[in-house]
Amino acid sequence: MSLRALSKYCEEVEGRCENFPQSCSTPFIYKIGLVSPGRDLWNMLLKKRRRFFLPSERQKMERYESVDTYEPATIVYKDHLESRNQEPRWFIWVFVFGLGIASSVIAIVVVSLLHVLNGIRYELLGFGLRGFSFNDSNRYAMTNRTDLDIAALFEGSGVGLYGIEPRSLKKGYLMWISFSLVLSVISSLICLLVPESIGSGLPEVMAYLNGVHYPMLGSFRVLLAKVSFIIFSVASGTCTGHFGTIILTGAMLGAQALQRRRYFRCDSVHIIECFRNPRDRRVITVIAAAAGVASAFGVSIGGLMVVVELISTILPVRFAIYVFAASLVSSLTLQIYFSFFSYFSLRDRHSYPHGELISEMVQFFVSCVSLEDLVRMHIFYFIPTTLIGLFCGVLAGVFVRLSSFALGLRRWLEQRLETKAVRYVLPVLFTGIYVTIQFWVAAAVGSGGWSPPAPSPSEPPRIGGDSIRLPMLQQTMSNDSNPAGLNGAMGGPCVAVPSTLLTTFNVTSISYYGANGFFCSAPTAVEDQVHEERWGMKPTLSVLHAYASLAFANADSAVQTLLSWHTEEMLGAPVLVIFLSIYFLASALFLGVSLGGDTLLPGLVIGAAVGRLFGIGVHYAAVSIVGAEAASSWADPGCFALIGAGSFLGGTTGLTFSICTILMESTSDFQHLLPLMIGITIAKKTAELFTENINTILLQMRCVPILDFENEVHKYPMFDARHVMTSHVVTLETVCTIEQILYVLRSTRHNAFPIESVRDRTYKGIIVRQQLEILLWHVLLHTISFHLHLRAWKKG
C-alpha cells in the first residue's frame with residue numbers, strides 16, 4: 001500500500017466533508033427538463049401529493065449519513081466492553097448539568113440582546129416621530145429624565161408606553177425602516193459567510209432524532225453564526241421567532257460536548273474517552289436537545305415530551321431520567337437568573353424576601369391574577385373548541401402550502417436568474433415590505449379611544465388604606481363605564497395599560513414586552529410632571545396602541561399579549577382581523593423565502609389570534625345571555641387564545657402532547673387542559689387531510705432523507721430482508737489489507753459493512769464507513785510521522 005494512494009483518499013474524504021452545505025448548494029431541479037416549474041409550483045400550492053425525488057435530488061440525499069443508533073458489534077469493541085464496568089458512568093451527570101446550564105446561558109444571551117435591540121428600535125422610532133429629537137417629558141416614566149438615558153434604555157424602563165404628539169410619520173418611518181433593513185442585511189451576510197447556518201432549527205433537530213447525521217451540529221463556528229443570525233433577524237422586526245434556533249443550539253452543544261478540539265484535547269482523560277461511542281454520543285445530543293427546548297420555553301417536562309414525540313427509536317427509561325434532569329436544570333437556571341437580574345442589570349428585589357425565586361420569570365405566557373379572578377372551565381367550551389380545531393387545521397394546511405410554495409418560488413427564481421444571490425436578497429426585501437405595511441397600517445388605524453387624563457393640580461393624591469391611589473393612569477376602565485369590557489377597544493385602538501400586563505413577566509421591562517403607545521394621544525406632559533414632582537411621586541405608565549403592540553412586538557411578546565386574561569377591552573375584533581390577515585400571509589411566505597424562519601413562534605401568534613377572535617364572539621354571547629359579571633368568570637378571550645395557539649401549532653408541526661405540555665407549563669393554566677387537547681387533536685387530523693407538517697416539508701425540500709412516522713406500504717411485516725437487500729453483499733474480512741478497504745469505500749456508497757471471519761466465513765460484526773475513514777486517517781498520520789522520524793534519524 002503506497003502512502004500516495006492513502007493520502008489521495010483522505011483528501012477526497014476531506015473535500016467531501018468541506019463541500020457539505022445544508023441547503024445552499026441545492027442543484028437546480030428544473031434544469032433537466034423533467035418538471036415544469038409553473039406546474040410544480042401550482043401542484044405544490046393546491047394538491048396534496050407524495051413527493052417524488054428527481055435523480056439530482058437523490059444524489060444530494062446520498063451526502064447524508066445515518067446516525068449510529070446501536071453500538072458497533074466488532075470483536076475489538078466486544079473486547080472493550082469487558083472493561084466497561086470499571087468505567088465511571090456516573091460522569092454522565094456532569095454532562096447533564098453542564099448542558100442544561102449552557103443551553104440556558106445561550107437563551108439568556110439571546111433574550112437579553114433581543115430586549116436591548118428592541119428597546120433601541122423603539123427609541124429610534126420615537127426619535128423619528130418627534131422630528132429627530134429625544135426630548136420628551138413623557139419618556140422614561142419611572143425616572144425624572146426627559147432626554148435619552150442609556151441606562152434606562154438598556155433596562156427597558158417604560159420605553160414605548162406613552163403617546164407622542166405631534167407626530168412626524170415620515171421621519172418616524174425613515175428611522176423604523178432603516179433600523180430593520182440594517183439588521184436584516186447583517187443576518188443575510190452571516191448566512192452568506194457561513195452557509196451551514198441556514199435552517200429553521202426544529203426541522204434539523206427532528207431529522208437528527210430520526211437518524212440523520214448533520215455534520216454542522218459539531219461545528220462551533222456554525223453555532224456562533226446561528227445565534228448571531230437569529231438575534232439580528234428577529235430584532236429586525238420581521239415575522240419570525242427564536243425558539244427553534246435555541247432548541248437547535250442545545251442539540252449542537254450536545255454534539256460538540258465530546259468533540260475533539262485542536263486547542264483543547266482530552267485524549268488522555270479516561271472519564272471523557274469512555275463516552276466517545278455512538279450510543280453515548282446520541283444520548284448526550286438528545287439530552288442537550290431537550291435542554292434546548294426547556295431553555296426556549298422555560299419549561300421542564302416539555303423538554304422530555306418533545307424528545308419522546310420526535311425521536312424515531314424507543315427512548316430507554318434509564319436515559320429518560322437524564323433528559324428530564326437536563327430540562328429541569330435548564331429551566332431552574334433561567335428562573336434563578338431572571339429572579340435576580342433583569343436582563344443585563346440587577347433586579348429590584350425590595351418587595352421579595354431574600355433568596356425567593358420568582359416563578360413568573362420562567363412562565364413566559366402566564367397571566368398573574370388573584371384567586372378570585374381565575375378563569376374557570378365551562379361545559380360550553382367544547383363547542384367553540386371544536387370549531388377552533390377545525391378552523392386552525394384548515395389554516396395550518398394553507399399555511400404549510402404557502403410556505404412550500406414560497407420556497408419553491410425562491411428556488412425557481414434562483415434557477416431563472418442563475419444566481420444564488422436571490423436567497424440572500426429576498427429576506428431583506430421581504431423584511432422591508434413587511435415592516436412598511438405594519439407601520440402604515442398602525443398609523444392608518446388611528447389614535448382614537450382612551451387617552452391619559454391630566455390629574456388635577458389642586459388636590460393631592462388620596463390615600464386609601466396603606467397604599468397611594470394613583471390617578472388611574474395604569475388601570476383599566478371600570479366595569480361600570482364599560483359593562484361589556486369591549487367598548488374601549490371597539491371605540492379606538494388606544495387603551496389604558498391593563499393591570500394584567502403590568503403584573504406579568506416583563507413588568508420592569510415593558511419594551512421587550514412589545515406594548516407601544518407612540519401613535520396615541522399624549523397628556524399635558526409639563527403640567528403632569530410638575531404636579532407629580534410636587535407631591536413626591538413619579539409619572540406612571542399610561543397608554544398603549546392595540547395594533548402597534550401586536551405588529552411592532554417580537555413574536556413571543558405578541559403571544560403573551562394575546563394569551564393575557566381580563567384584557568377584553570384591549571384587543572378588539574377589527575384590530576385582530578387586520579393583524580391576523582397580514583401576519584398569517586407574511587409569516588407563511590417569509591418561512592419559505594427566509595434562510596432561517598422559525599416554525600414555532602409564528603404559529604403560536606396566528607393560533608392565539610384565531611382563538612381570541614372566537615373568544616370575543618363567545619364573550620359577546622355570554623354577556624348578552626348571563627350578564628357581564630357571570631361571563632367574566634369563564635368566557636375570557638385569553639383562554640380561547642390558548643386553545644387556538646395549541647391547535648394551530650399542532651396542525652403545522654404535527655406535535656400533540658408535547659405542545660400541550662409546554663403550553664400548560666408556560667401558562668400555568670391547567671384548568672383548560674382537556675379543551676386544549678381536543679383542539680390540538682382535531683387541528684392535527686384536519687391538517688393531515690391537506691398536507692404534511694411543516695418540518696417534514698422543509699426537510700423534503702432540502703432533500704434530507706427522513707422516514708415518515710407512518711408506513712405507506714401496506715402489510716409491511718410480510719416483507720423479508722431479501723426484498724430490500726442486494727444479492728451481492730459487500731463484506732470485509734476480519735483481517736484485510738488497506739488496498740481492500742480503499743477499494744470497497746471507493747466502489748460503493750454503503751454506510752456499513754458486515755465483517756466475516758477469515759476461517760469459516762461466519763458473521764463477526766459490522767463496521768461503519770466513518771470508523772473506517774478514521775482508521776485510515778490514523779494510518780496516514782502514523783505513516784507520515786514514521787517517515788519524518790526516519791528522515792530525521794538519517795540526517796542525524
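I began with E733, which is partly exposed at a relative accessible area of 28%. I note that I am working from a predicted model.

Next I looked up the partner of E733. R761 forms a salt bridge with E733, and their closest N and O atoms are 2.8 Å apart. I placed both ends: R761 sits in the loop between strand 10 (752-756) and strand 11 (763-768), while E733 belongs to strand 9 (residues 732-733), so the pair links distant parts of the chain, 28 residues apart. R761 has 44% relative accessibility, so I list R761 as partly exposed.

I then checked how many salt bridges there are, and the count comes to 8. Another of them joins the side chains of R221 and E196, at 3.7 Å from N to O. R221 is in helix 9 (residues 220-235) and E196 is in the loop between helix 7 (169-193) and helix 8 (202-209), so this pair ties together parts 25 residues apart in sequence. I found R221 partly exposed at 46% relative accessibility, whereas E196 is buried at 16% relative accessible area.

A further pair is R423 and E414, with closest N and O atoms 2.8 Å apart. Both R423 and E414 are buried.

Last, I turned to helix 5. Helix 5 covers residues 92-129, and at 1.5 Å a residue its 38 residues should span 56 Å; I read 55 Å between its end C-alpha atoms, which agrees.

Conventions
Residues numbered from 1 in each chain as written. Predicted model: local features only at pLDDT ≥ 70, side-chain atom pairs only at ≥ 80, totals over all residues. Heavy atoms only, no water. Helix = DSSP H or I, 4+ residues; strand = E, 2+ residues; numbered from the N terminus. Expected span 1.5 Å × (residues − 1). Salt bridge = Lys/Arg side-chain N within 4 Å of Asp/Glu carboxyl O. Buried < 20%, exposed > 50% of the residue type's maximum accessible area, 1.4 Å probe, protein only.
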